[in-house]
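Q: I have a structure open here and would like to talk through how its parts pack together. Can we go through it piece by piece?

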Amino acid sequence: ECEGRARQKEQTLLFSPASVPALLWVDGDKIKRAVRHLLLNAFNFTPAGGVIDVSVDRVEDEVVIRVRDTGQGIDETHLPYIFEPFYKADPALQTDFGGVGLGLTVVRLIAAEHKGRINAESVPGKGSVFTLRLPIQTQI
């Protein structure tokens with residue numbers, strides 16, 4: 001699904017798996033949903049010819065999933081609010097994609113449910129990096 005969407009939008013999709021394995025006790029469907037929301041944002045806000053780079057790393061006692069894009073970016077004044085329900089950094093652009101402003105809220109809630117966290121860094125005109133951190137747990 002993701003490769004097809006990237007081809008359709010003439011974007012390059014890259015994936016870098018973790019070089020060191022880690023075992024996570026998570027709800028796999030929910031983590032997939034969180035990553036899917038991050039990817040949908042990247043696809044929607046990255047122009048044709050842009051790059052979306054997904055990486056998974058083990059950093060100390062966490063698994064770190066990063067979704068980087070070369071999209072339009074988010075102004076720093078909006079960053080503190082983008083994970084809030086119904087918040088749209090640019091409502092005029094969001095309506096083009098049919099979003100109601102809940103995708104990033106869902107990601108935040110799923111991260112919290114797994115004792116993890118999500119954050120975003122962005123430079124307008126250069127793109128964004130969304131980082132989902134999930135703790136490595138030995139049991140549920």
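Q: What is the handedness of the crossing of helix 2 and helix 4?
A: In this predicted model, helix 2 and helix 4 cross in the left-handed sense. The axes of helix 2 and helix 4, the latter covering residues 103-113, come within 9 Å and cross at roughly 150°.

Q: And which residues make the contact?
A: On the helix 2 side the contact is made by K30, I31, R33, A34, H37, L38 and N41, and on the helix 4 side by G103, L104, V106, V107, I110 and E113. By residue class, this contact of helix 2 with helix 4 divides into 7 nonpolar, 3 polar and 3 charged.

Q: Switching to the sheet, what is the strand order?
A: The sheet is open, has 5 strands in the order 1-2-3-5-4, and shows mixed pairing. Strand 1 and strand 4 (117-123) stand at the edges with a single partner strand each, so one side of each is left without a neighbour in the sheet. From one strand to the next the twist averages 15°.

Q: In which sense do strand 4 and strand 5 pair, parallel or antiparallel?
A: Strand 4 and strand 5 (residues 127-135) pair in the antiparallel sense, over 7 bridges, and V123 has G127 in strand 5 as its bridge partner.

Q: Which strands does helix 2 touch?
A: Helix 2 packs on the sheet and touches strand 1, strand 2, strand 3 (62-69), strand 4 and strand 5, with its direction making about 20° with that of strand 3. Helix 4, for its part, lies across strand 4 and strand 5 and runs at about 140° to strand 4.

Q: New topic: what is the volume of the second largest pocket?
A: The second largest pocket has a volume of about 380 Å³. It is lined by 16 residues, of which F15, K32, V35, L39 and V54 are the closest to its centre.

Q: Which element gives the most to that lining?
A: Helix 2 gives the most, with 6 residues; the elements giving two or more residues are helix 1 (2-8), strand 1 (12-16), helix 2 (28-45) and strand 2 (51-59).

Q: How many of the lining residues are nonpolar?
A: The lining of the second largest pocket has 11 nonpolar residues, along with 1 polar and 4 charged.

Conventions: Residues are numbered from 1 along each chain as its sequence is written. This is a predicted model: local features need pLDDT of at least 70, side-chain atom pairs count only at pLDDT 80 or more; totals for chains, interfaces and linings use all residues. Side-chain values use heavy atoms; hydrogens and water are left out. On a 1 Å grid over the protein atoms alone, a cavity is a set of points where a 1.4 Å probe fits but cannot get out, and a pocket is an open set with protein on both sides within 12 Å along at least five of seven lines; lining residues have an atom within 4 Å of a point. Grid points are joined across faces, edges and corners, and a volume is the space filled by probe spheres set on the points. Helices (H or I, at least four residues) and strands (E, at least two) are DSSP runs, numbered from the N terminus. Ala, Val, Leu, Ile, Met, Phe, Trp, Tyr, Cys and Pro count as nonpolar, Asp, Glu, Lys and Arg as charged, and the others, Gly among them, as polar. Axes are lines fitted to C-alpha atoms, for helices over the stretch in contact, and angles run from 0 to 180 degrees between N-to-C directions. A crossing is left-handed if the near helix is turned anticlockwise from the far one by less than a right angle, and right-handed if clockwise. Contact means heavy atoms within 4.5 Å. Two strands pair if DSSP finds at least two bridges between them.
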